[in-house]
Amino acid sequence: MSGASSPAGVLQQAQAGLKRAALRRQLHAVATGKSETLSVELDHAGVDVGALVDEVTDGQQLDSAELQRLVVAFLNTGAADAVVERLLAKSPQQRARSARIIGALHLYEGVPWIAPLLESRDRSVSDAAARALGKIRGAASARLIVRAIHRRGLNRRLVAELARSAPDLFIESALAEPQRPSVRPALAMAAGLRRRRSAIEPLLHLLEHGSRRERVISCRALGWIGSGTAVPMLTAALRDGDWKTRMSAAKALGALRARSAKDDLKYLQIDPNVRVRKAAQNALHQLHEATLDGA
Amino acid sequence: MLGPRSNGFDRPQPGRPVLAPDERPAPQKKPDRPSIPFRDMISRLEVLERSPVFFGLSDATLRHLARRLRRIKVHAGELIAYQGEPGDTIFLIERGRCRVMIEKSPSVVTVALLGEGDFFGEAACVLGQPQQASIYAQTECYLLALDRQSLHMILGTREHEALDELRRLADQRFRAFADASVQATWSVLLQEATVVGVYSPKGGSGGTCISLNLVGSLSRRYPGQVLLLDLDFPYSHSALLAGLVPTNCLARMGSLPRESFEEVLLSAVLYHAGGPMILPGALRPEEADEVTPELVSRAIETLRKSFRYIVVDLGVTITDATLALFDLTQHVVVVAAPELSAVKSATDAIEILKELGTPHDRLAVVLNNRTEKPAVSKPAVERMLKREIDVEIAFDADRPERAAVEGVILTLTNPKSEMARGCETIAALLEAKHAQTPRHQPDQTNTAPVPALAHHS
């Protein structure tokens, strides 16, 4: 490819810009119902169709007329079939872009075709697949992400997309089922990111009976949810034998502005571990700020 | 106009490219869906068929939905959904009971108790609204969860009407819970209601229409304090005529324990936007037998505490339940049409009511002219009945039928129609006879709850 500074490169850039603008106009016209036809060139290097579809469909609900019109246009023009075909292309870029388009269009029917991309060795492809599943949402997407976590272990991208895609009570019921050691911490983290109160009970159970790693993550997750009912158990976790659990509990109590744990946090300032002492200090600072705000 | 979304991905496409070497073999068709055992599938289908929204779907659609359901076990006391949080799933109760609670500071009000076959979460799922109430498992529950994506994929492609119906029901229940929470916090509904039975001894005389419009008329005076109990068996249509979708009925409450009866009964009441409330007696013809005299007495005893007027549509047949109700009514309205057979039936009915001990002044006869030129004149009807007609409803053209099709109540939408005027006269007559000492108007700022429904937080 020519450099951007060469005349040919500048020309190419300009051409790509024009194509992007034309496609953006087309997509807007279809979404608003002014047009029904769509001419999409998926192979043009300078035009990321997925990004443009993403831009147009951003914030749209699943049953919004705009999104439905775009989906119908993609299906009727055969562009959707071409996108699915490209999910199996050699080029990682093509596969990632196709996954992005399917995600942006919320094509639930495309979930089984995206699943194998989660195992791709190319990170851009697996991340794009995870993002697409996160956008599509639903139990099928969440189940596939949990399977990917099963195989790949705790991965931040997968956890974030699991939190986004999981329907109500999906993570809570998965936490109650037997899971591999690597999966349960990821589920706990996703439950915390979702910030649903229905996850408090399973997380408290995990805090009481889970492994060291599970206890650490449960503490943080309870802090993220903002669960006042978890304060007594988090206060008890300040006396845990594991320093990471103590640190995590201190952070959670700080986030919860749990004034009842003030004395326990003060006691933690003489903890042998420096990071625990720092966490306790920060938590006390947060409590102090909350008191000032309250006053 | 949008066309249905074709499911092109399930079909193999010609010319699919060869797999890239570093990828796994071709994706399986449905790798995310494990096969469901036969018995489990039957059980899922049973739950869907019991649901008022899904039971009308085709077998193929029901099977598709059943495959997408997730079974979730929830322990007693556990939180399922929290008020104000977003939601994306409809939960059908396969086993167990759930409590629907709305937090209205300083109290927490139970607005419904949901049992097997009922469902919740639909407003958040299909309307995109935050959860209106918190849902707790009252007993150990088995729920079948259907997420938004599955619902739209299956119903969006096959059954648009079902999706629209679900939206309507979600909107209706959303308003019902809001109204129930407000009503449950009123401290004013302490006096007992007047029970009015509307009896139409001949089918097609307009008994249900008059009951509905009478309730509408009374509701204009006392919004939220008038209930229509539909005991017109075997086909109870009042809710349908008012444009409401019933999800529960009196017939299903026979086996409920005493402590939860009131909550379940009040949670089955449907709220019309214009003020009237409707409690269906039975949703299916075969359920009519479940409405026993004991159940009717128990229900009336409970409902009398919460309403000012209870109008009971007694339908045509005199059953044990109807007889039990006659004992509980303060006023009976007999509806007759100016036809020979209808007037003869009305004469017999009045005789029976007299034998049952209904005082003359607590009985009103309504002549409903269903045709422009009635076959029997009013004086002739009075001669046959051996008493005066209390209220005559003039011919109202096709307005009552059109109102039924549109799901509206004439007394609320067209007060000048003959039906509305007639029902207004009946309402005035009832008021004259049963006027109670004025109650306070509902003061919504007073949030002290009705003891049976509220749990102080």
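Me: What should I keep in mind about the model and its numbering?
Reply: This is a predicted model, where local features need pLDDT of at least 70, side-chain atom pairs count only at pLDDT 80 or more, and totals for chains, interfaces and linings use all residues. Residues are numbered from 1 along each chain as its sequence is written, chains are lettered from A and ligands numbered from 1 in the order in which they are written, and side-chain values use heavy atoms, with hydrogens and water left out.

Me: Why is His152(B) called buried?
Reply: Buried means under 20% relative accessible area, exposed means over 50%, and partly exposed is in between (1.4 Å probe, protein chains only). His152(B) has 13% relative accessibility, so it counts as buried. This residue is found in helix α4 of chain B. Leaving aside residues up to four places away in sequence, His152(B) touches Leu62(A), Asp63(A), Thr157(B), Leu163(B) and Arg167(B), where contact means heavy atoms within 4.5 Å.

Me: What makes α7(A) mostly covered?
Reply: Eleven of the 14 residues of α7(A) are buried. Among them are Val125(A), Ala129(A), Leu133(A) and Ile136(A). Their cover includes α2 (49–57), α5 (92–104), α6 (111–114), α8 (139–152) and α9 (156–165) of chain A, together with α4 (148–158) of chain B.

Me: How do you know that the span of α7(A) is close to the expected one?
Reply: The expected span of a helix is 1.5 Å times one less than its number of residues. Helix α7 (residues 123–136) of chain A has 14 residues and reaches 20 Å from its first C-alpha to its last, close to the expected 20 Å. After α7(A) comes Arg137(A), with a positive phi near 65°.

Me: How many helices and strands does chain A have?
Reply: Chain A comes to 17 helices and zero strands. Both are DSSP runs numbered from the N terminus: helices are H or I with at least four residues, strands are E with at least two. Of the 295 residues in chain A, 57% are buried.

Me: Why are α8(B) and α9(B) called roughly perpendicular?
Reply: Angles under 35 degrees count as roughly parallel, over 145 as roughly antiparallel, 65 to 115 as roughly perpendicular and the rest as oblique. Axes are lines fitted to C-alpha atoms, for helices over the stretch in contact, and angles run from 0 to 180 degrees between N-to-C directions. Helix α8 (residues 258–267) and helix α9 (residues 293–303) of chain B pack at about 70°, with axes 10 Å apart. The two are therefore roughly perpendicular to each other. The contact includes Phe261(B) and Leu265(B) from α8(B), and Leu295(B) and Ala299(B) from α9(B). Its residues divide into six nonpolar, one polar and three charged. Here Ala, Val, Leu, Ile, Met, Phe, Trp, Tyr, Cys and Pro count as nonpolar, Asp, Glu, Lys and Arg as charged, and the others, Gly among them, as polar.

Me: What makes α2(B) roughly antiparallel to α4(B)?
Reply: Helix α2 (residues 59–68) of chain B packs against α4(B) at an angle of about 170°, with the axes 10 Å apart. That makes α2(B) roughly antiparallel to α4(B). Among the residues in contact are His64(B) and Leu65(B) of α2(B) and Met153(B) and Ile154(B) of α4(B). The contact holds four nonpolar, three polar and two charged residues.

Me: Why are β1 and β6 of chain B called edge strands?
Reply: Two strands pair if DSSP finds at least two bridges between them. The open sheet of four strands has the order β1-β8-β3-β6 (chain B), with antiparallel pairing. In this sheet β1 (70–74) and β6 (119–120) each pair on one side only. Two bridges join β3 (residues 89–95) to β6(B), and Leu92(B) stands opposite Phe119(B). α4(B) lies across β3 and β8 (141–147) of chain B, at about 60° to β8(B).

Me: How do you know that β10(B) pairs with β13(B)?
Reply: Five bridges join β10(B) to strand β13 (residues 309–315) of chain B, and the two run parallel. Leu227(B) has Ile310(B) as its bridge partner in β13(B). β10(B) also pairs with β12 (residues 277–280) in the parallel sense over four bridges. Five of the five residues of β10 (residues 226–230) are buried.
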